[in-house]
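Me: I am new to this structure. Please show me how to read it.

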Amino acid sequence: MAKGKIVAGYLAPHPPHLVYGENPPQNAPKSQCGWEQLRWAYERARKTLDALQPDVLLVHSPHWNTQLGHHFLGVPHLTGKSVDPIFPNLFRYDFELNVDVELAEACCAEARAGGLVTRMMRNPKFRVDYGTITTLHMIRPQWDIPVVGISANNSPYYLNLREGLGEMDVLGKATRRAIERTGRRAVLLASNTLCHWHFHQEPLIPEDMSQEHPQSFDGYKWDMRMIDLMRRGRTQEVFQLLPQFIQEAFAEVKSGAFTWMYAAMGYPNIPAELHGYGNVIGTGNAVMEWNLDRYGDQLTVHDRPVAA
Amino acid sequence: MPVVSAFLVHGSPLPFLRPDNPPWRTLDAGYRAAAASLAASRPDVIAVYSTQWIAVLDELWQARPHSRGVHVDENWHEYGDLAFDIRCDVKLTEAIIAATPKFGVRSKAVDYEGFPIDTGTIIANNYLNPRGKLPLVIAANNVYHDWRTTQKLASTAVACADSLRRRVALVAVGGLSGSIIREEIDLATDHIASQADDDWNRRMLELIAAGRMPAILKACPQYAQEARVDMGFKHFAWILGGLGGSYAAAQVHAYGPSYGSGAAVIEFTPGAAKRAAPQRTAAKKSAKRVKR
């Protein structure tokens with residue numbers, strides 16, 4: 001078996017509004033329009049993902065929040081209706097997905113060997129969270145690529161930030177080892193919003209884009225600062241600023257997906273492609289891509305963020 | 001006052017799914033004692049507030065007339081499924097939704113097939129309303145609502161029930177100390193995560209059982225912070241708001257661990273605090289009798 005590799009990572013946020021705005025047949029509520037910049041950003045990302053021809057998509061979602069350890073979907077085929085508990089008026093989605101259980105078990109075992117508490121989720125009646133489903137739908141609406149779903153252990157909130165994100169670093173490196181060991185061509189999806197300051201009331205017409213804008217100017221400036229650094233491949237600076245960004249912009253990257261993805265990719269100092277940025281109920285969302293495949297074996301894998 | 005009984009209960013699925021596990025037997029038995037008391041109070045409706053139903057926009061209220069199905073907890077999926085059968089008092093819920101804007105809170109009805117009713121609400125309903133005969137009013141925990149707003153939501157729910165001549169059982173679902181055990185353990189060895197948390201929980205339970213309202217209100221913020229209490233102990237605000245700020249007596253039916261965090265089942269007797277003197281001692285003893 002050839003050694004597997006991570007061919008790309010995407011920052012792939014999960015506002016259910018994007019699915020609502022798109023009106024796919026799986027989602028019951030129907031919209032007139034909405035959040036086009038982000039939806040079209042995902043359309044660009046879909047094309048690049050398609051060209052990469054991955055065997056598997058791995059997604060780390062903050063809306064599968066676990067207390068005891070890091071959990072992995074471990075049922076080969078999962079179906080059901082996912083209703084967003086926050087926005088049930090926008091997202092009631094009939095999902096059906098296939099899980100790469102072999103890779104999930106490998107990730108689980110590697111993370112355990114790395115010192116983390118891990119669990120496989122084997123209950124066939126489990127309802128997959130809307131964050132996982134929104135990210136997967138937006139990046140690959142055909143649902144024809146197996147997935148590995150990973151929970152967000154609450155360690156960044158329960159422990160201090162350094163310890164919590166330290167666990168995500170370990171989880172990322174374990175994910176990389178598992179991918180290499182199982183020979184997969186893998187794409188990583190970090191299901192995170194950037195600035196997470198949001199409005200507290202929903203417009204009467206949710207897709208009324210005259211009501212949509214950044215909730216916070218400071219949060220917007222933070223998003224642009226971080227995106228600019230990522231676009232220039234300044235990974236070390238990104239991670240130096242990350243704690244301050246999380247604190248001041250209430251950034252959802254605190255939940256760990258971003259660190260997990262970067263650690264798995266080996267903290268590359270490569271420029272990210274920004275497919276698009278937009279606001280959803282005032283939060284800041286960027287669809288971004290790190291195409292590792294383009295660099296082949298020239299890419300240096302780092303154990304931690306280092307200067308370019 | 002239409003409130004005929006009130007209960008602060010935990011929302012952990014563990015004692016429900018594994019009632020024979022020694023550390024959880026007390027919590028299971030306590031819930032069953034509370035269920036008997038609730039039935040004896042003959043309510044028309046149960047008004048539930050669960051810390052596990054998170055809202056961030058507006059205040060959400062469950063308004064689906066009948067929800068049934070199987071729920072799998074996102075943490076404890078390996079311990080089994082949670083069947084549920086929940087009816088809602090839609091008329092009362094609509095009245096509450098219409099009333100909350102008067103104090104600046106916009107409310108919304110949630111009436112969707114497949115809506116993920118939270119584990120805490122399901123556990124409370126399964127224990128306290130096992131055949132699902134009584135309708136519920138179910139309020140979400142908007143994480144941006146403070147103690148005062150939560151009290152106001154409860155008092156509004158009770159006032160609306162009064163206007164419709166409903167007898168209400170108040171139920172607040174949430175935990176005590178929030179520190180958890182982060183390692184895999186033998187379930188038979190489950191315990192409160194730290195001695196400090198255990199001490200805090202016991203102190204608060206004694207205060208609550210004694211009905212010492214000024215001391216309770218003074219201690220709550222410190223307790224919430226130092227013991228990392230579930231959602232800042234806002235679920236207790238639901239009880240106090242619904243009871244008009246005081247109660248005649250309180251009995252701690254159970255106290256114990258849920259994978260390190262604190263859990264309890266407490267029954268409150270509605271009424272003026274001054275009538276509670278003879279029962280305070282008994283309630284205090286009950287709290288002290290709680291086994292670790």
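Predicted model: local features only at pLDDT ≥ 70, side-chain atom pairs only at ≥ 80, totals over all residues.

Reply: Residues are numbered from 1 along each chain as its sequence is written, while chains are lettered from A and ligands numbered from 1 in the order in which they are written.

Me: What radius of gyration does chain B have?

Reply: The radius is taken over C-alpha atoms, and the globule rule is 2.2 Å times the number of residues to the power 0.38. For 292 residues a compact globule would be near 19 Å; chain B has 18 Å, which agrees. Its C-alpha trace spans about 45 × 45 × 35 Å along the principal axes.

Me: How many helices and strands does chain B have?

Reply: Helices (H or I, at least four residues) and strands (E, at least two) are DSSP runs, numbered from the N terminus. Chain B has 9 helices and 10 strands.

Me: What share of chain B is buried?

Reply: A residue is buried if 20 or more other C-beta atoms, placed from the backbone, lie within 10 Å of its own. Buried residues make up 55% of the 292 in chain B.

Me: Which residues have the most contacts inside the largest nonpolar core?

Reply: Such a core is a set of buried Ala, Val, Leu, Ile, Met, Phe, Trp, Tyr and Cys residues joined through C-beta atoms within 7 Å. The largest has 179 residues; Val148(A), Val48(B), Val137(B), Leu170(B) and Val171(B) have the most contacts inside it. Helix 9 (residues 257-265) of chain A gives the most to this core, with 8 residues.

Me: Which residues of helix 7 of chain A are buried?

Reply: They are Gly219(A), Tyr220(A), Trp222(A), Asp223(A), Met226(A) and Met230(A). The arc uses the directions from the helix axis to the C-beta atoms. Down the axis of helix 7 of chain A, the buried residues fall within an arc of 160 degrees, so they line one face. Their cover includes helix 8 (235-249) and strand 10 (283-291) of chain A. Just after helix 7 of chain A, Gly233(A) takes a positive phi of about 70 degrees.

Me: How many residues does each chain give to the contact?

Reply: Two residues are in contact if their C-beta atoms, placed from the backbone, lie within 7 Å. Chain A gives 22 residues and chain B gives 24. On the side of chain A that touches chain B, strand 2 of chain A gives the most, with 3 residues.

Conventions
Buried ≥ 20, exposed ≤ 12 C-beta atoms within 10 Å, placed from the backbone.
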